[in-house]
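Please keep the sequence and the coordinates in view while reading.

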Amino acid sequence: MTKPLLKVEGLKKYFPIKGGVFGKVVGQVKAVDDVSFEVMEGEILGIVGESGCGKSTTGKTLLRLVEPTEGNIFFNDESITELSDEKMRLLRRDMQIIFQDPYASLNPRHTVEKIIGEPLLVHGMKSAQARKERVKQLLEVVGLSAYHASRYPHQFSGGQRQRIGIARALANNPKLIICDEPVSALDVSVQSQILNLMEELRDQFNLTYVFIAHDLSVVKHISDRVGVMYLGRMVELANKDALYDTPKHPYTQALLSAVPLPDPDDKQDRIILQGDVPSPANPPTGCAFHTRCPYVMDVCKAVRPEWKEVSEDHFAACHLYNDNDQSEEQQKPLMQVES
Amino acid sequence: MTIEEKDHKDQRLAPQQQLLEDEDIEVVSPFRDAVRQLRKNRMAVAGFSVIVFFILLGIFGPLFTPYTYDGQVLTNRLLPPSAENWLGTDDVGRDLFTRVAYGARISLMVGFFAVTGALFFGTILGVISGYYGRWIDMLISRIFDILLAFPSILLAIAIVAILGPSLQNALIAIAIINIPIFGRLVRSKVISLREEEFVMAARAQGMKNGRIVMHHILPNSLAPIIVQATLGFGTAILEAAALGFLGLGAKAPKPEWGKMLADSRDFIQLAPWTLIVPGLSIMLVVLGFNLIGDGLRDALDPKMKN
């Protein structure tokens, strides 16, 4: 974990809202709004957030499957935002993605052999025999068997399909894999199998993951560092333990307090947020979270908080941690308790 | 261990055992599965038999008769069906069976080439329009709209009028009027598939647009295209007959079914078989294709699967 493999600076993705008879652009959905982070070589960076907070869009933008509106993405110190389609195509050897829905992400008309072998073919492995061997090898790596190669996706269970998706992503020995909610479509017992497989593969092939999920315990299990997103923005990013033990941002605190504990007698102090997530088409001014934040101050409504290091390797975007604002106490804010 | 516990344990073991024994699961390709479904559908099988009958008639029919399709025997005019002339003769003494058999060749060829042509150009235009979108989609879609705004037979007449009446030009006209039907179908299918996750996955693997279209989008849009092609076969034959009837298709001695109908209009009371034979042939072939088309639609529709 020495140098950053992936560096994201000020990434934005706005989707136009078209309306009226002539399809004029009448607004923008700010799916990803100024997100910056780094992913170190060999680490697993988890990204969590509610549905609709832009975490999947962020993941797809990193591979330019969705074109970013603004911002810079560096992969191996090379900016990829300006690359031509052909150069990007070749670079996709090194950056791969595992999709959320194992039922939708495999072509139903292709056999497993073709699904896993196709990326090999398009990146230059012309010999059918060599591809066949590699497919067999990959199937065994992900815990399936060589004889599965001739089957079609509909003949597999969800977990098995996700293994096929993983094998496909691994085919060309990538450096980075974006995991876009890879286990959220699977049932719990299968989730752990897939997570363990992914961890093994990371060690075996020296992979780097960006692991996107909405399940906090899954992210905690697998990640080295975790970023929290809210309404298209990154609100906090820290080492897993620091984030889960001493969350800084009020949103992270509320989110973590919502994790159910497997103990029926445990009485938790929960922070219950009021209201709903605002629309990303019309996000609040200043800090996006100010409409629901229990510690809201005047400055939150006017000024967007800066993304900065609040303690060592612990980043957050919140006015509570402004150094120059001495009137605000630096201590951990008191929780509003409801039980 | 109580019984319940034992049951519970067995259940937990079950998936493991399945994994071990599934080596001999039969691999069924989607195509084979569709054929299997189709064979269960009696109406589709009936339609298929009718078409096969006419294909065989076209190929081998003329071998059974001593006559040629244009051999006039003026002493044998308007004879009813008999042992010598199985389906009777027409107003200049030509054997109707021989003419209908040759006519089957013409109709099936017209159907085949018109559908193939329309399918080819319609698919290309539909893919370009659906995959690339933006102004090119706008342009192609509006051209389709204009073509579809004309009554199809009127448009075919106009095209034949420009190119000159002949069987070949009638075929071209029928192909052209069918292009927007296939084009729109392909376009709508491409647009919905373009957003599918496995297409995005193909892009993420680093595949080129051409490969994505040929290997991922088109194979998955095949089902409705096949159905439309089968139904279009019938329509094309009908349109060819209509053009022939109007004298805009095949020329005189050629035994085109529509032309045969037109030529024997005057003898409907005197010798009804001269109309019934080609008329029934058109009806049966078109019905055959429609039955297959309906059967295919059911066989290829995932919602109809049990």
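Chain A has a radius of gyration of 21 Å, which agrees with the value near 20 Å that a compact globule of 339 residues would have; the radius is taken over C-alpha atoms, and the globule rule is 2.2 Å times the number of residues to the power 0.38. This is a predicted model, in which local features need pLDDT of at least 70 and side-chain atom pairs count only at pLDDT 80 or more, while totals for chains, interfaces and linings use all residues. Residues are numbered from 1 along each chain as its sequence is written, and chains are lettered from A and ligands numbered from 1 in the order in which they are written.

Along the principal axes, the C-alpha atoms of chain A fill a box of roughly 70 × 55 × 45 Å. Chain A contains ten helices and twelve strands; helices (H or I, at least four residues) and strands (E, at least two) are DSSP runs, numbered from the N terminus. Of its 339 residues, 41% count as buried. Here a residue is buried if 20 or more other C-beta atoms lie within 10 Å of its own, exposed if 12 or fewer, and partly exposed in between, with C-beta atoms placed from the backbone. Among the contacts in chain A with a separation of 6 or more, 65% join residues 24 or more positions apart; two residues are in contact if their C-beta atoms, placed from the backbone, lie within 7 Å.

Chain A is divided into domain 1 (4–94 + 174–321) and domain 2 (108–173), with bounds that come from an automatic or database domain assignment. The C-alpha centres of these two domains of chain A lie 30 Å apart. Their contact takes twelve residues from domain 1 and eleven residues from domain 2. On the side of domain 1 that touches domain 2, helix α6 (residues 188–205) of chain A gives the most, with six residues. That side of domain 1 divides into ten nonpolar residues, one polar and one charged. In this grouping Ala, Val, Leu, Ile, Met, Phe, Trp, Tyr, Cys and Pro count as nonpolar, Asp, Glu, Lys and Arg as charged, and the others, Gly among them, as polar.

The contact between the chains takes 23 residues from chain A and 19 residues from chain B. On the side of chain A, α2 (85–91), β6 and α3 each supply at least two residues, and α3(A) provides the largest share, three residues.

Strand β6(A) is covered on both faces: A:M95 and A:I97 on one side, and A:Q96 and A:I98 on the other, are all buried. Four bridges join β6(A) to the parallel strand β7 (residues 176–180) of chain A, two strands being paired if DSSP finds at least two bridges between them. Within this pair, A:M95 stands opposite A:L176.

From chain B, the buried residues of α8(B) pack against β6 (95–98) of chain A, together with α7 (167–194) and α9 (209–245) of chain B. Seven of the eight residues of helix α8 (residues 197–204) of chain B are buried, so this helix is largely enclosed by the rest of the structure. Just after α8(B), B:G206 takes a positive phi of about 95 degrees.

B:G206 leads back to A:H123, which contacts A:R93, A:N172 and B:G206 when its neighbours within four places in sequence are left aside. A:H123 is in the loop between α3 (112–122) and α4 (128–141) of chain A. Because A:H123 has 16 C-beta neighbours inside 10 Å, it counts as partly exposed.
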